[in-house]
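Thanks for coming, everyone. Please bring up the model on your screens, and I will talk us through where its parts touch.

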Amino acid sequence: MNEGYTVEMKQIVKQFGSVLANDRVDFRARAGEIHALLGENGAGKSTMMCMLSGVYRPTGGGIYLHGRQAGIRSPKDAMKLGVGMIFQSFRLVQSLTATENIILGESSPFWRGRGWMKTKLEEIRSLADRFGLAFPVDRPVWELSVGEQQRVEIVKTLYRGADIVILDEPTSVLTPGEAEQLFATLAHMKSEGKTVIITTHKLKEVMAVSDRISVMRKGRMIASMAKSETTERELARLMIGKQIPAARPAQARSIGKPLLTVKHLDVYAEHGRKALGDLSLQVNEGEIVGVAGVAGNGQKELAESLAGLRSWKRGTVAFDGMTFKTASVRAAMEAGISHVPENRMRSGLAGSLGIVDNLLFKSYRSPERSTLGFMRTARNRAWAQTLVEQFDVRTPGLDTPVRQLSGGNQQKLLFAREISRDPKLMVAVHPTQGLDIGAAQGVHRLLVELRETGRGVLLISEDLDEVLQLSNRILVIFGGAIVYETKGCEADRERIGLYMAGLTEEGEAV
Amino acid sequence: MDLFVQLFAAAMASGTPLLLAALGGILIERSGIIQLGVEGMMLMGAIVACLTFLRTESLALALLAVFAVSAVLGLLHAFLTVSLRANQIVSGLAMTLFGAGLSAYLGKPVSGIPMPGAVPKLYLPWLENVPAAGGLFANLDMLTWFSFILVLAMHLFIHRTSWGLHLRAIGDNPATADVMGIRVQAFRYGCVTVGSMLIGLAGADLLLAFSPTWIEGMTAGRGWIAVALIIFARWNPIRALLCAYFFGMLDTLGFRIQLLGSEIPSYFLKMIPYLVTILVLMVLGWRSRNKPSGAPEALGVPYIREQRL
């Protein structure tokens, strides 16, 4: 019956309130294989893995490890049974060193002198070396890069003796080069007989690393097969269910006059860190300019400077015939710059307020919306209603707190507000982050529409596929500067990946 | 030279209650709970010490009573903030107002009764021969010595023990600590309780060793100074020692200037420590505007396990 499965999840049901996240899902994985759990955002794959690692408890069904029923009630229980999970958002204490993070769960000994610490450092360094995971073991985590932090997480899991290792969307934060390195590590773990499970929605990755593939859709298990038995095309069909027409690809078309010209911009972030150094770029009317890059290379600061949220030390920002002297949100808004921020619930929308109030945030001063400081309520509600219909925001009502909407509908609402102001330039940061394919396509269509109507779009995204698909021109940002520029139709994925990782052409040769 | 030694001795005497309170606060805040009830807890510590000592004439019993009462107050704060996830600032302020009110009521019959010599001094003759500051340490009371040991012990606890590592993790990222199998809630209860006992001890020290007569509201804002000290000291026990003595010195300075027969009204002199608090906050804030404050990342944020991240 067991047939060498280390993990068996049978008829798993998980309910969050009224939402059914997993509906009688079966999942099995063997030792010595890399098993990819494929599905869109919200397909329920992370929920499944969270139950395996003890973060959630299943509403129904059973989990069996090595053929025995496992009572997993907490992450601690799961760890005792050899299950370790590496989450998309790392579970690391920023102020502690890498080693301290790794030994955090160890309770003994009470006294930890210098000698003891030294032996631990050595032990962890050698463990990391064994799996090809290099990182500075005695530096605080906040000084490490995202890729290094992920390595700390992996070593932490291995150190605690996990033989079933789950990685949730492991490559979403990595450069293509770092991802390659990760895959090599996973292969090594497989060869040592560990069960490796990765959840992902990236088909290329699945085909590159996995031995077996299970596909989930809308909380159900759709299919499970060996990699050799399937193709990328079939997987896509299984994952999405129906074919959704892609947004019209970027075409060579007539580009209008320059709209935004940024020259030699120097911006400092918190703690005096230089975020942008001598950054120059231009956006013209009727084009989408994609800025590709790995998180934390100045994307956030660039967008904030353009939206007037962050002041710059040096350089000029010229927009539509005028020059911004200082950062001013009001000036940027009135000049016609719209901004879709990277974290929609933090700086885009007010979660506890309703649809109408959120739509009014940028236009409440106008005479159509208010008179002498009093809101024209009835009129505004009707206006909100038309926008909700026009942008197809699915909501129970106009006063529903927007926190309760799905990510896709929140994003539609945000776009509705920004586009209703008839902007000349749209600065969109990670506009499809956390959205499922359908909602992402909707956002892509909106961006393309903006271009078709002669507006400029600056698309800042970590999703290289998105940038490649939509942009007329592609810029690569690294270390706070634009290091590479190419036309959308001539873009070469590999080359862009190298620049994203901070390697130049010379570096490629080495 | 003699003046300097005198001034420093006075700074130590007035700084020790501040130091004890700040150390208690550091322990609590390192675990991620804000403690603004310091003033009230110090007053409760002082009045409990006063009442018990007057009745029993025993320092040990007085301190025991102080520990018991402060532990109960600490548990209450922990229950409100950790279990019920009440607003930590409101809970702390309530604690301060409650402590001020109750101590004033309990202290009515004993107001103004002096009780000198409650805390025995540790006489170390061999230290007197050490030049310069030796004399300073030759005749200190037990609680001052205890505070020295406590500073060292807390420093080692935080940086050299497994529990210290847990403490740092919980204050910065309770969710991660939880996943790693550390019992966040229990640990916070422990920290708040023990820290509150130290704050109570600070009140007792103020009354028994520094100004041995109960007067209503005798802490006169020292609890708030201790809260500020935690921030100046960047949640570090050793720096807390230096900061506490600095403020202790300011406290005595006003008194000294008054003794010298200065024309400045005493009200202004009494303001010195508080004015300096504001000044130092401004200067430090400006100087470290681009640096992390050293505050525990999760300070003031209740932790709920079931919340989806």
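How much area is buried between chain A and chain B, and what share of it do carbon and sulfur atoms give? Before I answer, please keep in mind that this is a predicted model, in which local features need pLDDT of at least 70 and side-chain atom pairs count only at pLDDT 80 or more, while totals for chains, interfaces and linings use all residues. Residues are numbered from 1 along each chain as its sequence is written, chains are lettered from A in the order in which they are written, and side-chain values use heavy atoms, with hydrogens and water left out.

The buried area, meaning the accessible area (1.4 Å probe) that two parts lose on being put together, summed over both, is about 2400 Å² between chain A and chain B, and carbon and sulfur atoms give 61% of it. In terms of contact (heavy atoms within 4.5 Å), 28 residues of chain A meet 22 residues of chain B.

Between these chains there is one salt bridge, that is, a side-chain nitrogen of Lys or Arg within 4 Å of a carboxyl oxygen of Asp or Glu. The partners are E100(A) and R168(B), whose closest N and O atoms are 3.0 Å apart.

Let me turn now to chain A itself, where the domain assignment, which is automatic or from a database, gives domain 1 (5-240), domain 2 (253-336 + 426-505) and domain 3 (349-422). Between domain 1 of chain A and domain 2 of chain A, about 720 Å² is buried, with 64% from carbon and sulfur atoms, and zero salt bridges are found across that interface.
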